[in-house]
Amino acid sequence: MDLFLQTLLNGLLIGGVIATFTIAFQLTFGVLHVIDFAVGGWVVLGGYLGYYMVAAFGLDGFVAIPVAFVLFGAVGYLIGPILYNVRNSRTARPELMALALTFGLFTLLRGGMLTAWGFNTRNVTTALSGESLMVGPVTVPLIRVAAALFAVAIAGGLFIFLYRTRYGLAIRATAENRHNAALMGVNIRRLSANVYGLYAGITAMAGVLMGAIYSVNPESGLRYTLFAFFVAVLAGLGSVGGALVAALLLGVIEAYVATYVGSSYSLLAIFSTLFLVLLVSPRGILRRGL
Amino acid sequence: MKSRWLGLLLLGALLVVLVLLPLLVNNYWLRIATGALMWAGLACSWNMLGGYAGYINFGHSAFFGLGAYATALLMADPLGLPFTVTVLAGIAVTAACAVVIGAPTLRLRGAYFAIATWAFAEVLIQFATVMDFTGGIGGLSLPPFLNERFFYFAMLAAAVLTYLATWALFERSRFGLKVKALRDHEPAAEAMGINTALVKLQTFVLSAITASVFGAIFAYWVTFINPRSVFGGDITDQMVVMVLLGGLGTLWGPAIGGVALFVVNRLIWMYWGDTAFYIAILGAAIVLVVLFLPNGIAGLFARRRGGATVLDKTVEKLARAGGGDRN
Amino acid sequence: MSAATRPQALQPAAATDPILVVRGLHKHFGGIKAANGVDLEVGRREIAGLIGPNGSGKSTLFSLVSGTVTPDKGEVRFDGRDIAGQSAYKVARLGLARTFQIPALFDNMTVTENLLAAAAEGHWAGARERAAETLALLRLEHVADNRASDLSGGQQKLLEFGRAVMRQAALILLDEVTAGVHPNIRKIILEAIAGLRERGVSFLIIEHDMEMVRNVCDRIIVMDSGRVVTSGRFEDIVRDSEVMQSYLGRPQ
């Protein structure tokens with residue numbers, strides 16, 4: 001029973017971290033209408049940033065979180081307009097070309113990281129590494145609790161930004177209906193740059209946390225891209241609210257499979273669930289997607 | 001008319017060279033030629049759905065791998081079935097899988113289909129890795145058959161058939177018109193009486209079984225396969241780059257892109273022996289082609305003639321009129 | 001010419017019933033009642049004009065009849081068959097063709113290929129000849145091998161119309177097919193409509209241009225707020241200034 005509860009708690013904590021970047025992923029789809037294959041690449045890059053900040057400057061891993069946001073926010077801000085241009089170009093099949101572009105970006109990031117850093121696994125050390133917290137009969141690594149708290153803060157900030165500010169309203173209006181938003185004077189091109197920057201920054205922050213909880217290597221990007229897709233399919237592409245629920249569910253499924261079946265089966269379980277959902281209810285089961 | 005005869009003449013010359021190649025080069029180069037033919041054929045199979053129907057398949061390696069594993073499992077010891085039977089078995093399994101994935105997801109926006117195919121390929125990797133009967137991560141061995149010429153001609157036959165079928169079905173028939181129509185505007189295609197869901201599914205199954213045939217030959221050729229070597233995402237990556245580079249939705253684009261990229265692959269392997277660097281190059285190539293060469297290499301030629309990808313009839317007509325004077 | 005325009009479903013013996021009957025058709029999008037009990041008929045060989053203010057549900061009606069959108073309830077009978085809720089391709093195969101308000105061409109295909117694609121499902125025999133005839137009918141021969149996306153706006157409207165012609169349909173729904181086109185192109189389309197009607201084709205036409213409505217339509221159907229408010233001869237409708245004011249917003 002203790003193991004059962006412990007697994008549940010672990011799953012929810014990890015699910016919270018997954019929620020941060022999957023919410024941003026959904027938002028990006030809503031605004032740009034592009035599925036970003038590169039999402040796992042940003043997670044891994046964030047993890048590596050954390051690792052190098054610890055290794056090179058002897059800083060605590062947590063310091064890397066705001067740095068990751070600023071750095072990859074800027075990178076995303078530069079990439080956003082390119083994606084927007086391809087998605088809205090007058091050449092044949094822009095949707096397909098945009099998909100191919102993010103796929104290429106993902107492959108480029110993966111190949112680049114493999115070339116630069118090899119297949120070695122790195123992790124981000126923080127002041128909390130190795131510490132544990134007792135919650136009743138359940139032991140939880142402190143870093144997971146801290147990461148989940150960070151995730152809640154990030155997600156909460158994002159929701160406040162989306163629902164309590166004028167700019168958030170513009171983003172939601174665009175995600176709801178691009179055409180009408182453009183008519184109401186929203187500069188969708190600039191908005192796309194900002195949203196992609198926001199998304200890349202948040203995703204890299206989540207990457208630092210993932211690097212602290214687990215570890216990262218260039219090949220693990222695939223796993224996080226899968227997470228984002230899993231959540232998108234369960235919640236329905238573009239659904240921000242459903243993403244939170246789906247991410248928590250994902251964290252729990254992964255934790256239980258890893259604990260009770262074996263961690264080598266966890267990816268198989270997630271892929272199979274994703275796949276079955278696509279076959280049974282292709283538009284998402286939590287809400288009808290786009 | 002002149003350009004048509006010239007084209008046929010070139011094609012005939014190419015075929016003669018390909019048939020005589022085993023007499024002209026040694027086994028090392030023959031192996032490279034065999035690989036080039038395989039990639040040209042695989043790229044063409046991806047292009048059937050990706051180029052002509054406009055649906056991106058990010059898990060095409062699944063079908064290559066299914067063909068490979070079917071042949072490996074059935075040819076290996078307890079069963080020891082003949083190669084032709086295992087190829088057909090691979091086709092049957094692949095077709096069934098393609099219907100199961102395609103029927104629900106092809107009705108939706110392309111993004112869901114892209115995710116579904118990608119997930120399917122990853123499921124197969126994970127599945128083949130954890131299962132015992134697939135040999136797990138270690139993979140399977142096949143009865144060795146060390147006859148380079150056999151594999152060269154098998155790949156050549158498969159590639160020629162693939163291109164012939166693509167030409168006949170997508171460039172020369174009503175079927176091709178339906179496929180291109182749904183690619184360009186699905187509701188309008190429906191309004192023209194086209195059952196788009198069915199046509200997409202047919203295209204998808206055709207594209208999948210083509211890949212499975214190449215997978216079967218590949219497995220028998222290399223005599224050893226493992227999950228990554230036949231299901232791996234890099235295989236799909238390569239096909240995507242080859243088609244984008246050569247020209248999406250064109251007959252010869254995948255052949256040009258396939259051979260060109262395979263040569264680059266061999267060169268990098270020879271001089272650096274580094275596969276990670278090659279992955280980065282693949283990624284950069286996709287990005288650059290999408291941004292600067294969206295119509296691929298074949299698109300360059302089409303534009304120079306003053307027209308986009310059009311039926312050969314148009315090319316004829318242009319040639320008759322003196323060419324290149326429209327706009 | 002004759003082959004190009006022969007309708008697919010030439011009337012069975014002594015068919016005098018309407019080709020299209022719509023009864024009590026409903027469609028709600030969220031809170032918007034785009035079709036709120038539509039009743040109308042189109043007779044054989046009739047050219048019926050469908051008018052009404054923007055948002056009155058004309059284009060939605062086209063989508064409901066042609067199967068692009070599924071109605072909530074109601075009846076659609078085409079050539080005696082109930083087609084309500086049928087998928088678009090099945091309706092098209094029964095002999096109902098439509099155009100789209102915003103040209104929905106196959107952009108990366110040539111003009112000729114667009115016409116051939118329209119015939120790919122159905123009467124394929126002689127399709128190339130019919131495509132050539134349709135090109136001549138619509139004066140599009142000189143751009144036969146251009147990509148559809150390279151055409152001018154007016155030419156795109158012509159091609160959109162030409163694809164419907166290639167379907168050899170018994171009933172063609174035209175959605176503002178002459179809106180914003182050059183008078184020469186409009187003339188080509190009007191002549192083609194008249195020629196097709198001679199061969200037994202019926203039309204339901206959404207149109208804003210009253211001149212055009214007066215010249216080609218046998219009967220006018222006026223829609224507002226998702227239902228048909230009146231129908232009759234153009235002169236009668238226009239004479240009823242109340243209708244003109246309240247539904248068309250232009251007192252005469």
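In chain C, 68% of the contacts with a separation of 6 or more are between residues 24 or more positions apart. Keep in mind that this is a predicted model. Chain C has 252 residues, 50% of which count as buried, and its secondary structure comes to 10 helices and 10 strands.

**The open sheet in chain C**

- Four strands of chain C make an open sheet in the order 2-1-4-5, and the pairing is antiparallel.
- Strand 2 (32-42) and strand 5 (81-82) of chain C each have a single partner strand, so these two sit at the edges with one side lacking a neighbour in the sheet.
- Strand 1 (residues 20-29) and strand 2 of chain C run antiparallel and are joined by eight bridges.
- If you want a landmark for that pairing, look for Val22(C), which stands opposite Leu40(C) in strand 2 of chain C.
- Helix 2 (residues 58-66) of chain C lies across strand 1, strand 2 and strand 4 (73-78), and its angle to strand 2 of chain C is about 70°.

**Strand 9 of chain C and its partners**

- Strand 9 (residues 219-224) of chain C pairs with strand 10 (residues 227-232) of chain C over five bridges, in the antiparallel sense.
- Two residues separate these strands in a hairpin, and in the turn Ser225(C) has a positive phi of about 45°.
- Two bridge pairs to pick out here are Ile221(C) with Ser231(C) and Ile220(C) with Gly232(C).
- Strand 9 of chain C also pairs with strand 3 (residues 47-51) of chain C, this time running parallel, through four bridges.
- On that side, Ile51(C) stands opposite Val222(C) of strand 9.
- Strand 9 of chain C is mostly covered, with five of its six residues buried.

**Where chain B touches chain A**

- The contact involves 33 residues of chain B and 36 residues of chain A.
- On the chain B side, the elements giving two or more residues are helix 4 (83-105), helix 5 (110-130), helix 11 (233-246) and helix 13 (275-292).
- Helix 5 of chain B has the largest share of that side, at 13 residues.

**The largest nonpolar core**

- This core has 293 residues, and those with the most contacts inside it are Ala100(A), Ala147(A), Leu209(A), Val231(A), Ile217(B) and Ile286(B).
- Helix 8 (residues 188-213) of chain A gives the most to the core, 16 residues.
- Ile286(B) is worth a click: leaving aside neighbours within four places in sequence, this residue is in contact with Ala100(A), Phe103(A), Gly104(A) and Thr107(A), along with Val240(B), Val241(B) and Leu244(B).

**Helix 6 of chain B**

- Helix 6 (residues 148-171) of chain B has 24 residues and reaches 33 Å from its first C-alpha to its last, close to the 34 Å expected at 1.5 Å a residue.
- Its buried residues include Phe151(B), Tyr152(B), Met155(B), Leu156(B) and Phe170(B), plus the alanines Ala154(B), Ala158(B) and Ala159(B).
- Two threonines of helix 6, Thr162(B) and Thr166(B), are buried as well.

Methods. Residues numbered from 1 in each chain as written. Chains lettered and ligands numbered in written order. Predicted model: local features only at pLDDT ≥ 70, side-chain atom pairs only at ≥ 80, totals over all residues. Expected span 1.5 Å × (residues − 1). Buried ≥ 20, exposed ≤ 12 C-beta atoms within 10 Å, placed from the backbone. Pairing = 2+ DSSP bridges. Contact = placed C-beta atoms within 7 Å. Core = buried A, V, L, I, M, F, W, Y, C linked by C-beta atoms within 7 Å. Axes fitted to C-alpha atoms, helices over the stretch in contact; angles between N-to-C directions.
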